Amino acid sequence: MKVTSDKINGVLGILGGMGPMATVDFVKKIIEQTPAECDQDHIPLVIYSVPQIPDRSQCIAEANDAPLEWLVTGVNILRDSGAQSIAIPCNTAHFWYTPLQKHCDIPILHIVDAAANALVSRGICSGRIGLLATTGTIKANIYQERLSKLGYSCILPSPRLQKEAVMTGIAEVKAGNYGIAQHLLEKAAKYLVTSGCEIIMLGCTEIPIVLKGNAYLDATEALARAAVTSHLQSKGKTRLPVNSNTYPSKPKVRLD
């Protein structure tokens, strides 16, 4: 029997490469979240990882839609390869979510919706959320707009910290300099803690590679959980993603 993609149910397409290690981290989190006892229990994946997609944050700053054509090509390749839903492990790329979904006839999961659900799972249904994200994500209000409708407000790093700690830290992650990146990003995180946030949203998929712990909500992990949940529901399964109920409620944000 010839096995073709249309005979494999529940295929998740991943539009990645933004950056490459963030894509690897996302796939790892999908595998970790999937309740599986054997290979066949895992989610079938099609991954299209293209690091050559133009810099999203820079394009937003320049009002340049150059990434959109690349993203449309990517989702179409994933759809034609048998994907039945798509996840994009890049927060800033969600600036083009609406036109991208219009070009695609299969559902694309939204990372901020997944992150908002994760906030509720942690018992945080309103309040002040610290946001660590690219300048493009912040400028485009990708988190602020969606979260404000749900009763949250976002606290941001100072402009100087955003440039010197957050954006430089993200660049260091992309360059593989994880120790330097962690030091820089923790400086920005401590600023958000002293500003009175309830939790810190890691709103760039590079950041969770170096920042971990109860003080943070990892949007990459939230997107992975949403993808696993969607897959299980499509299969008519009632099992929850692994570790979906392990969050402590109302965590006290503390960075030692």
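In strand β6, Met-201 stands opposite Leu-131. This pairing belongs to a predicted model, in which β4 is joined to β6 by four bridges, the two strands running parallel.

**Strand β4 and its partners**

- Strand β4 comprises residues 127–132, and five of its six residues are buried, leaving the strand mostly covered.
- Strand β6, which comprises residues 199–202, runs parallel to β4.
- Strand β5, made up of residues 152–155, is likewise parallel to β4 and is joined to β4 by four bridges.
- On the β5 side, Ile-155 is the residue that stands opposite Gly-130.

**Cysteines and disulfides**

- A disulfide requires two cysteine sulfur atoms within 2.5 Å, and the count by this rule is zero.
- Cys-59 takes part in no disulfide, as the nearest cysteine sulfur, which belongs to Cys-90, is 11 Å away.
- Cys-59 has a relative accessible area of 6% and is therefore buried, the cut-off for that class being under 20%.
- Cys-154 also forms no disulfide; the nearest cysteine sulfur, that of Cys-197, lies 10 Å away.
- With a relative accessible area of 23%, Cys-154 is classed as partly exposed, because that class spans the range between the buried limit of 20% and the exposed limit of 50%.

Methods: Residues are numbered from 1 along each chain as its sequence is written. This is a predicted model: local features need pLDDT of at least 70, side-chain atom pairs count only at pLDDT 80 or more; totals for chains, interfaces and linings use all residues. Side-chain values use heavy atoms; hydrogens and water are left out. Buried means under 20% relative accessible area, exposed over 50%, partly exposed in between (1.4 Å probe, protein chains only). Two strands pair if DSSP finds at least two bridges between them.
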